[in-house]
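Open the model in your viewer and keep the selection panel at hand.

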Amino acid sequence: MIKQILSKLPRKSQKSDSLDSAGVDSGNHTSNSGNGVQCTNIGNSITSRLSVVKRVSSAVFPASIMAGVEAVEPNLSFKDVSNPQKQNLFISKLKLCSKVSDFSDLDKATSEQDVKCQTLIELIDFVSSGSAKFNEPAVAAMCKMCAINLFRVFPPKYRSNTSSGEAEDDEPMFDPAWSNLQLVYDLLLRFISYDSLDAKVSKKHVDHSFILRLLDLFESEDPRERDCLKTILHSIYGKFMVHRPFVRKAVSNIIYRLVFETERHNGIAELLEVFGSIISGFAIPLKEEHKMFLWRALIPLHKPKSVGVYHQQLTYCVVQFIDKDQKLSNSVIKGLVIKGLLKYWPITNSQKELMFMSELEEILEMTNMVEFQKIMVPVFRRIACCLNSSHYQVAERAHLLWNNEHVLDLVTHNRHVIFPLIFRSLEMNQNHWNQTVLNLTQNILKKFSEMDEELLLACQRKLEEENSQSIEAAEKRKLAWERLETTAAAFKPSAINMIPPVQSGTLPVAC
């Protein structure tokens, strides 16, 4: 009875099993039931589709973009397929390279890693040949593969906790997976720099998110990786004009974070190197946005203790701004730079002070007479402090400014203003502990005497008057203190006892 009831029920499981077996065994199996012909036909149709076309996996690439793209066996060579199939082979090889391998253990170099490296080399050669025009699926596949291999969060042990100015002496740390990363970076650079690459299509995938994650990689401890990133960022800035304002804003945010929060960034020197070439391409007159970048980003970069790591690149950027501004009739950039430089001038860090003086000398070399007269008073007040510094290297560097012919010419034409500002420091250096500084001071005084002996004598008389006035003022202060002490001693202690003490919990009654 039960068997008769069960036999009348529909056999769905048998149909599904026949479908599965048909997909696996190419549809050669047939069912004994009445639906056997139908299952065989379905199995044959599925198998025929699989044998003609294999779709790219949506687990690696988005199905909306990869729809309709035929995948070719990735082990094939580009020479073995027709030109129409090369794009599909390119995508298939990118899919093969989208598997991240573990390179932390050098003893576990598997054949899979070797195949991946060889495939990346083939992709580099194909892009370098310049024989293809990449469509949107190929661009999407490239960006996806680069994102999988490159974008990562650096472990805390790769980041230095020190924020001192001696960071440039730290030994660099090298990524164990660099052999793989280098090939990916090389492929991305060649792809971005490809002449036939359509920027309008590529900007959909090389978007703001892609650029931000690329900028995050500048925190890498590996200098080789940062050098590759520098070249790629420059290529992206040149290729995609629509992204240029965003790149400038994103780098400004990195600088703000460095100056006001962390005071340390591994890739700031490389970023400034990129911006040095970008600034040289700015059109004149400079936009207000570019002036704000100088005042709000570049000038405050003089503040961190780690400025020695990137000071050379920073100086180049500042000089590029000044060079742009020199071509204008109404120059304001140089005044902003000098004002900012004096604002962040170090007082207790002698190494930073040496770097600042080198930058100041480079700026003065680009300054004409009219501009110099606007800034000479605050500049030489600061130089006067450096001339009299107890640190012999700072004092020596300040004296060497007079060896610069352009600076000496500026000083000579404005000696009536500059001599009185620095004469006191030179006179005080007559008792300097360092013999080299003492000799340099005497040489400068000799130059001043040959230049204008009357002015030198006038400064000397004025200094003597100021010294005598200061002595008189000191004597007056001493006498005033003595009178105060005498008056305090003559004050009777009994007068203090006449004041009734205030009891706790009560307030004095106002008269």
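A salt bridge here is a side-chain nitrogen of Lys or Arg within 4 Å of a carboxyl oxygen of Asp or Glu. This is a predicted model, and the structure holds 11 such salt bridges.

Select Asp227, Lys230 and Glu273 to begin: a network of salt bridges links these residues. Glu273 sits in helix H13 (residues 268-280) and Lys230 in helix H11 (residues 223-239), so the pair links distant parts of the chain, 43 residues apart. Lys230 is buried, at 15% relative accessibility, whereas Glu273 is partly exposed, with 39%.

Next, select Glu361 and Arg397, whose side chains form a salt bridge of 2.4 Å, N to O. Glu361 belongs to helix H17 (residues 350-365) and Arg397 to helix H19 (residues 392-399). Glu361 counts as buried at 14% relative accessibility, and Arg397 counts as buried at 18%.

Move on to Arg424 and Glu466, where the closest N and O atoms of the salt bridge are 2.8 Å apart. Arg424 is in helix H21 (residues 415-428) and Glu466 in helix H23 (residues 453-490), so the pair ties together parts 42 residues apart in sequence.

Finally, display helix H14 (residues 288-298) with helix H16 (residues 333-343): the two pack at an angle of about 15°, with axes 10 Å apart. H14 is therefore roughly parallel to H16. Which residues meet here? Lys291, Leu294 and Trp295 in H14 contact Ile333, Leu336, Val337, Lys339 and Gly340 in H16. By class, this contact has five nonpolar, one polar and two charged residues.

Key:
Residues are numbered from 1 along each chain as its sequence is written. This is a predicted model: local features need pLDDT of at least 70, side-chain atom pairs count only at pLDDT 80 or more; totals for chains, interfaces and linings use all residues. Side-chain values use heavy atoms; hydrogens and water are left out. Axes are lines fitted to C-alpha atoms, for helices over the stretch in contact, and angles run from 0 to 180 degrees between N-to-C directions. Helices (H or I, at least four residues) and strands (E, at least two) are DSSP runs, numbered from the N terminus. Angles under 35 degrees count as roughly parallel, over 145 as roughly antiparallel, 65 to 115 as roughly perpendicular and the rest as oblique. Contact means heavy atoms within 4.5 Å. Ala, Val, Leu, Ile, Met, Phe, Trp, Tyr, Cys and Pro count as nonpolar, Asp, Glu, Lys and Arg as charged, and the others, Gly among them, as polar. Buried means under 20% relative accessible area, exposed over 50%, partly exposed in between (1.4 Å probe, protein chains only).
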